[in-house]
Amino acid sequence: MYDKIICAIGLGSRERAERLLRTSQALLSPGGELTVAHVIERFPSGRESPDDWAVSVITEAEEKLDALCRRLGITASVDVRMGTASKTLLTVAKEKEADLIILATHTSDIIDRIFGSTVEYVIRHAECSVLVERADKSHDDTARKTATAKKA
């Protein structure tokens with residue numbers, strides 16, 4: 001059991017987010033602290049000022065994550081920040097004095113091959129334990145096919 005867990009929720013599926021949250025809750029000590037972290041790396045399209053864009057995107061993410069936790073009956077604080085995912089997650093973990101970071105992989109792409117993945121960086125640089133949920137290839141393929149069908 002862990003006293004302070006950071007559960008990193010990315011842009012993946014809601015099902016994956018639910019699995020990560022349930023895993024976090026199961027590993028949390030009674031009276032422990034769970035922080036749901038999300039990092040926004042994208043920049044505005046130019047139609048809004050960066051400050052207005054950041055505030056609206058952060059607020060929306062906080063509301064969605066808070067609603068997801070409530071729906072699952074999980075008590076957690078939500079921490080949404082702008083920045084580089086890997087470094088920002090480590091900053092949150094250090095600030096919260098976390099003893100576990102939970103995050104998920106995704107299907108590797110060309111960006112991961114060039115720059116390295118967030119998971120890889122967190123594993124190498126975290127000062128606490130890291131639990132990695134592997135991408136479920138069959139689930140990712142099904143999700144991709146569903147998204148493609150919806151676009152058609």
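Mentor: Start with Asp-79, which sits in strand β3, residues 77-82. This is a predicted model, where local features need pLDDT of at least 70, side-chain atom pairs count only at pLDDT 80 or more, and totals for chains, interfaces and linings use all residues. Residues are numbered from 1 along each chain as its sequence is written, and side-chain values use heavy atoms, leaving out hydrogens and water.

Trainee: Why is Asp-79 called buried?
Mentor: Its relative accessible area is 14%, and buried means under 20% (exposed is over 50%, partly exposed in between, with a 1.4 Å probe and protein chains only). So Asp-79 counts as buried.

Trainee: And how do you know that Ala-54 is buried or exposed?
Mentor: Ala-54, in helix α2 (residues 50-72), has 15% relative accessibility, so Ala-54 is buried too.

Trainee: What makes α3 oblique to α5?
Mentor: The axes of α3 (residues 85-96) and α5 (residues 118-125) come within 8 Å and cross at roughly 40 degrees. Angles under 35 degrees count as roughly parallel, over 145 as roughly antiparallel, 65 to 115 as roughly perpendicular, and the rest as oblique. That makes α3 oblique to α5.

Trainee: Which residues of α3 and α5 make the contact?
Mentor: With contact meaning heavy atoms within 4.5 Å, they include Leu-89 and Leu-90 of α3 and Tyr-121 and Val-122 of α5.

Notes:
Helix = DSSP H or I, 4+ residues; strand = E, 2+ residues; numbered from the N terminus. Axes fitted to C-alpha atoms, helices over the stretch in contact; angles between N-to-C directions.
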